[in-house]
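Please look at the sequence and the model below.

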Amino acid sequence: MDKRTIIGMVVMLAVFAAYQITAVKLHQKHPEWFSKSDETSSVIPSTGPATQVAATTSPTTQGTLTTAPAIAAIAGYHAVPGTGGQVVLGSLQHSDPKYPLGISIVPQGAGLQSATLNAFKKDVRDPSLYEFQTPYDFADTDLNDALATRWVKINGNQIDLHNATWTLMPGSDPTKAVYTIDVADNITNQPVLKISKTYTVKDSRDPSKGYEIGVNYDYENVGTVPLKVRASFNGTNAPEAENRNDTPSVIGGYSDEQTIKIKNLPTASFTEKQKEAYFSTHFDWKNVWVGITSAYFNALIRPDDKSSVPVERIEALALNPGEKDTLKHRAAIVFETRESDIAPSKSGATAMSVYLGPKQRAILNSDYYTTFPRSYDKTLVLTSGFCSICTFTWLVDILVNMLRGFHWVLHDWGLSIILLVCLVRLLLHPITKRSQISMSRMGKMGPEMEKLKKKYADDPDGLRKQQAELIREQGITPILGCLPMFLQMPIWIALYQSLQTTFELRHAPFLWNFTWIKDLSRPDSLIAFQHPINLYFFSVTALNLLPFFMAGVFFIQQKVTPKPVAATKEQEQQQKMMQWMSLLFPVMLYTGPAGLNLYILTSTAIGIIESKRIRDHIKEREEAEKDGKVIVDAPNTRNRKRFANDAARTAPAKKEGWLTNVIANMHAKMEEVQREADKKKKGKK
């Protein structure tokens, strides 16, 4: 979509919004202009010329339902007094064993006012129930209300239904609410299309565990001429962010008839230039479901493709793309059905199921939600950008299951994280040890390398051979210096993902609630500030202690870690810069979850102790070699012990390996390129 099209759409939307505001004000000031009686009429042209159109319902009927005591007495289904047809399905009672979900529906657009998960609290310090799907607060838009109907188009004429008041039909089913609206011909003033919108909730015994609701549209042709019907309605709204890393995302599931592929688009990625994104297809795969997700909650819509009026177009629209705070970025999802022919006395339907619930493994890993085409378990670990390359879902699942096992024993998620650190360090210790031994030898080899560079300054081939020989004599494998980092990176990223998205860590305290850390999914927040301190790239809302502890541990690590001998002033400056650069890491994680910071803090502290023990081992080995002794790291048995030292002394020198030669050649080529660059600089001077 080009720039002119976008500008045109914005102008059309602004004109439409201005018209709606003007019409509302005129209606309030001069209601006699809009109706001949107490009833509000809304009509459309059927096949005649296009004129002003609107939609109507019967306020008298709604008033009867609102005041009927029988309706208010039915459990699980009641009209809220004074709200003109607003109802609540399910339950708003804390930890209701029958209905874990309660939805509040309003007659304006027949959309959601809220969805309440009564098994969860809003905040660790706020005992009120968790509520989401509340309307956005943006002016001049019909995209604020979740699941609200926007418009219906009949024979090419569009009628706004978002501001229209739908009629709540009477009923005795405590799990169902039916809203209707009639669209009439503006010439005969007779209804031509009746639209019914039905909400249904399920109890906890259902395979969905009560977190999936049904939303069905029925379009009935009550006129005498065929109708071409197309409708548009809103999707779900974004859950509120719970920490600085909890950026909501628009997410879609796409099918090749066998598996589900995920498309994940953070709302923060929308810009002024790119305000919309299409979710109907992705890589030629057809959309199966779409919604908005956060770190801990999903709001997903799955249209039934067998509907007689199926969904044809799905689009995500940015509501405030110019917002600087990424956590406040909001996007709306818009559905549009295919234009369908409905003959007189016939009807068409659009059916959908909507998941409004937690991203909890105990729920989404059930057979109901893992079965195709839902596969909602794939929303448990979402990645985007570069991190998706080295994030392995199976590794995240293993780490989460290990955390659960530790929690089963310790009954504390913070201690479980610490125990997980110890286990990961223990598994990687052999590689870490070999890496540090290799790096220690490389550090001592620096002066010798500098001598070789000066000696063979004009003989690159001779330099490569001598470097390879020196590496072989020292028994060094340079790749081991980076190997632990490459092995730990996927584990660290997997932990980063799991500690941010594991629902069990939400509102979980550290050390059985005896510390200031009350929620491992959020910053530790010792003292909350009344007025946030806005910095360049984030806002400081509280005094968090864990990042300061991390900075102290990182500084100690830099001080106690041996550094290679700096052969040049540039290398000396680089070492000093790296020492201070390490302190930026805690700054970057200042607003990170306490669980993640606790892991990094513990891992770094254990790493200091581990490094000290390895250095002591290296020192003992070097002293033993000076005394003519040989230390063998391999485990000795009774049968091997007598021959270990003799084998080590009499073993012939190893030949140069291909890996050693490759590394030496790469090193020499880099040095040669550096020398050529230095010569050019000197020539320019």
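Helices (H or I, at least four residues) and strands (E, at least two) are DSSP runs, numbered from the N terminus. By that rule the protein chain has 16 helices and 25 strands. The model is predicted: local features need pLDDT of at least 70, side-chain atom pairs count only at pLDDT 80 or more, and totals for chains, interfaces and linings use all residues. Residues are numbered from 1 along each chain as its sequence is written, and side-chain values use heavy atoms, with hydrogens and water left out.

Of the 685 residues in the protein chain, 44% are buried; buried means under 20% relative accessible area, exposed over 50%, and partly exposed in between (1.4 Å probe, protein chains only). Contact means heavy atoms within 4.5 Å. Among contacts in the protein chain with a separation of 6 or more, 65% are between residues 24 or more positions apart.

Helix 6 covers residues 393–410, and its 18 residues should span 26 Å at 1.5 Å a residue; the expected span is 1.5 Å times one less than the number of residues. The end C-alpha atoms are 25 Å apart, which agrees. Its buried residues are L395, V396, L399, V400, L403 and F406. Seen down the axis, these fall within an arc of 130 degrees, so they line one face of helix 6; the arc is that of the directions from the helix axis to the C-beta atoms. An α-helix has 3.6 residues a turn, so residues three or four places apart point the same way. W394, W408 and V409 are exposed on the other side of helix 6. Just after helix 6, H411 takes a positive phi of about 60 degrees.

In helix 11, L546, P547, M550, V553, F554 and Q558 are buried. They cover an arc of only 140 degrees around the axis, which puts them on the same side of helix 11.

The structure holds 18 aromatic pairs. Rings of Phe, Tyr and Trp (its six-membered ring) pair if their centres lie within 6.5 Å; planes under 30 degrees apart count as stacked, over 60 as edge-to-face and the rest as tilted. Y130 and F132 form a tilted pair, 5.4 Å centre to centre with 45 degrees between the planes, and both residues are buried. The rings of Y355 and Y369 have centres 5.1 Å apart and planes at 75 degrees, so this pair is edge-to-face. Y355 lies in strand 23 and Y369 in helix 5, so the pair ties together parts 14 residues apart in sequence.
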